[in-house]
Every structure is written in C-alpha cells, then in structure tokens.
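Please consult the sequence and the model while reading.

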Amino acid sequence: MILIVDVGYKKDKACVVGLEIENFENEKIKNIYKIECKNFAEYIPGKFYKRELPCIIKLIKEYKLNPDIIIIDGYVYLDGFNQKGLGAYLYDKLNRIVKIIGVAKNKYFLISNHFELYRGKSKKPLYITSAGIDFEKAKNIIKNMKGDFRIPNLLKRADKESKDCLN
C-alpha cells in the first residue's frame, strides 16, 4: 500500500488526508482517508514535525493503515542526510519499517542542490529526501508520477482534499 498524506490547517482545526494507491504506474486512488486534528503545535521552521506528526499518526492508527511507502509534503531530512525533519520522525515512529519519501516545495537553508528535482517546465524545483528507500529511487518515483507540472497530480489532490475538508 502506498499512502500520500497532506495536512491542511484553518485556525484551530487541521485535517489530515491520506490517498491510498496500489502502484505508481496507474496512480488510481483506491481509498481516501480523512481525519480532523485539534490541539496541534504552532508552526516552527525546522520543527514542522511537532505540528504534523501527531496528525499523521492519528490517521494511520484510526484507520489501522499498514502502508509500505508514505509520501509526505515536507522533508525527511532537512539537510538531506542527518538532521531530522517530519519524515525521519515518522520513519522512527513507524519502527523504521515503512519507507518515507519527502517532497518539499520550498528550499530549507541546509539542503543542497543535489536534492532538487525539476518537473515539467517549471523553473522551480521540488526537494526530495527519503528514509528506508534509496534516494535515487525515491527521486525517480516522484519524477515519473503523473502530472505535467511541478507538483505531481496525486500530491496536488492530497493538498486539495486536506483543504476542502476544512470547509
């Protein structure tokens, strides 16, 4: 099972969404999981995990999900290798069994150009990091996901669903 997650926020409410797909080739959505979160931490640069990790774990536990791979909106490692980001904390929390691919839209000051991925005709890169899966393999997965633009279609869909469920 592949799970693509995103968390949307509105004042004192958050909504985490998980899109379940079977494979990256057809990207057909098998299930959409949604859950609300309250009492989440404030956003602190470099400590994003404190805000999103509890929501993602709540979704996984609530639906008793057992993913092989999770794609998150954010970094696994803030410097690409060592300094933990949301994905590394998630990887540890899931006993280092579930592969994590991080897709960040904005550059964190510690990340090098090695982690950039340009998709479509975009002049702005995505930043790919991973845990439990070879970096080049993770980068190729995101590169080859469907969508003609910078952000793959399924990641856009997860983002939209996380915002829509707040209304």
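Strand β1 (residues 2-10) and strand β2 (residues 13-21) are antiparallel partners joined by nine bridges; strands are DSSP runs (E, at least two residues) and helices likewise (H or I, at least four), numbered from the N terminus. Strands pair if DSSP finds at least two bridges between them. This is a predicted model, in which local features need pLDDT of at least 70, side-chain atom pairs count only at pLDDT 80 or more, and totals for chains, interfaces and linings use all residues. Residues are numbered from 1 along each chain as its sequence is written, and side-chain values use heavy atoms, with hydrogens and water left out.

The seven strands form an open sheet of mixed pairing, ordered β3-β2-β1-β4-β5-β7-β6. Because β3 (29-37) and β6 (116-117) each have a single partner strand, one side of each edge strand lacks a neighbour in the sheet.

Strand β7 (residues 126-131) is largely enclosed by the rest of the structure, because six of its six residues are buried (under 20% relative accessible area, 1.4 Å probe, protein chains only). Leu-126, Ile-128 and Ser-130 lie on one side of β7, and Tyr-127, Thr-129 and Ala-131 on the other. β7 is antiparallel to β5 (residues 99-104), with five bridges, and to β6, with two bridges.

The table lists bridge partners.

| Residue | Bridge partner |
|---|---|
| Ile-4 | Leu-19 in β2 |
| Val-103 | Ile-128 in β7 |
| Glu-116 | Tyr-127 in β7 |

How values were computed:
Buried < 20%, exposed > 50% of the residue type's maximum accessible area, 1.4 Å probe, protein only.
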